[in-house]
Amino acid sequence: PIYMEPSRLRASDLNEVLQPDHIERLLYTNQPLQAYGALFKWDVVFDGLLELNMQAWAEIAARHSYPAPDADDVQRAMDMRAERAVERVFLWTNDWGE
């Protein structure tokens, strides 16, 4: 089941595959915080994430008199650092000394 695409995996599948063996159980007994972890699919956890990012980038654009980005640009910018998005996606500036 671990080879299925992430949208088809269930929590029970992950629990089955990630069950600790006897060495890991001993480790978790000695250091219990190492036993915890979580996997999240952000677009499921936060509904409306694109709209939230659109609003934030539009506010920045208005504050600095830049053209407001469209939804496609904001979608591409969501996967990169803000500095790179300003330079490469929105094409607002190349000179950080402005």
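Visitor: Is R81 buried or exposed?

Guide: R81 is exposed, with a relative accessible area of 60%. Exposed means over 50%, so the residue passes the cut-off. Please bear in mind that the model is predicted.

Visitor: What does R81 meet through its side chain?

Guide: Let us begin with the general idea. Side chains of opposite charge can pair when their charged atoms come close. In this structure, the side chain of R81 forms a salt bridge with that of E83, at 3.5 Å from N to O. E83 counts as partly exposed, at 38% relative accessibility.

Visitor: How many salt bridges are there?

Guide: The count comes to four salt bridges. Among them is the pair E59 and R63, whose side chains meet at 3.1 Å, N to O.

Visitor: Where do E59 and R63 stand in relation to each other?

Guide: Both belong to helix α4, and because they are four residues apart there, about one helical turn separates them. E59 is partly exposed, with a relative accessible area of 46%, while R63 counts as exposed at 53%.

Visitor: Which residue forms a salt bridge with R10?

Guide: The partner of R10 is D13, and the N to O distance is 3.0 Å. Consider each residue in turn. R10 counts as exposed, at 53% relative accessibility. D13 has a relative accessible area of 7% and is buried.

Visitor: What share of the residues is buried?

Guide: Of the 98 residues in the chain, 14% are buried. The chain exposes about 8,400 Å², and 54% of that area is supplied by carbon and sulfur atoms. Among contacts between residues at least 6 apart in sequence, 31% join residues at least 24 apart.

Visitor: How many buried residues does helix α2 have?

Guide: The count is zero among its nine residues, and helix α2, residues 22-30, is hardly covered. The N-terminal end of α2 is capped by D21, which places a side-chain oxygen 3.3 Å from the backbone nitrogen of I23.

Visitor: Which residues form the largest nonpolar core?

Guide: The general idea comes before the case. In soluble globular proteins, nonpolar side chains tend to be buried together. Here the largest nonpolar core has nine residues, namely W57, A61, V74, A77, A85, V86, V89, F90 and W92. The elements that give two or more residues to this core are α4 (49-63), α5 (71-77) and α6 (82-89). With three residues, α6 gives the most.

Visitor: Which residues does V74 touch?

Guide: Leaving aside residues up to four places away in sequence, V74 touches L50, N53, M54, W57, P69 and F90.

Visitor: Where is Q75, and how far is its C-alpha from that of M54?

Guide: Q75 lies in helix α5. In sequence, Q75 and M54 are 21 residues apart, and in space their C-alpha atoms are 8.6 Å apart. Q75 is partly exposed, with a relative accessible area of 41%.

Visitor: How many residues does α4 have, and what distance does the helix reach?

Guide: α4 has 15 residues and reaches 21 Å from its first C-alpha to its last. That span is close to the 21 Å expected at 1.5 Å a residue.

Visitor: What follows just after α4?

Guide: The feature to read there is a backbone angle. Most residues other than glycine have a negative phi, and most peptide bonds are trans. Just after α4, S65 takes a positive phi of about 60°, although S65 is not a glycine. S65 is found in the loop between α4 and α5 and is exposed, with a relative accessible area of 67%.

Visitor: What phi does L91 have, and where is L91 found?

Guide: L91 has a positive phi of about 55° although it is not a glycine. The residue is found in the segment after α6, and at 65% relative accessibility L91 counts as exposed.

Technical notes:
Residues are numbered from 1 along each chain as its sequence is written. This is a predicted model: local features need pLDDT of at least 70, side-chain atom pairs count only at pLDDT 80 or more; totals for chains, interfaces and linings use all residues. Side-chain values use heavy atoms; hydrogens and water are left out. Buried means under 20% relative accessible area, exposed over 50%, partly exposed in between (1.4 Å probe, protein chains only). Contact means heavy atoms within 4.5 Å. Accessible areas come from the Shrake-Rupley method with a 1.4 Å probe; for residues, only the protein chains shown count as cover. A polar contact is a pair of N or O atoms within 3.5 Å; within protein, one must be able to donate a hydrogen and the other to accept it, and residues adjacent in sequence count only if both atoms are side-chain atoms. A nonpolar core is a set of buried Ala, Val, Leu, Ile, Met, Phe, Trp, Tyr and Cys residues joined through side-chain atoms within 4.5 Å. The expected span of a helix is 1.5 Å times one less than its number of residues.
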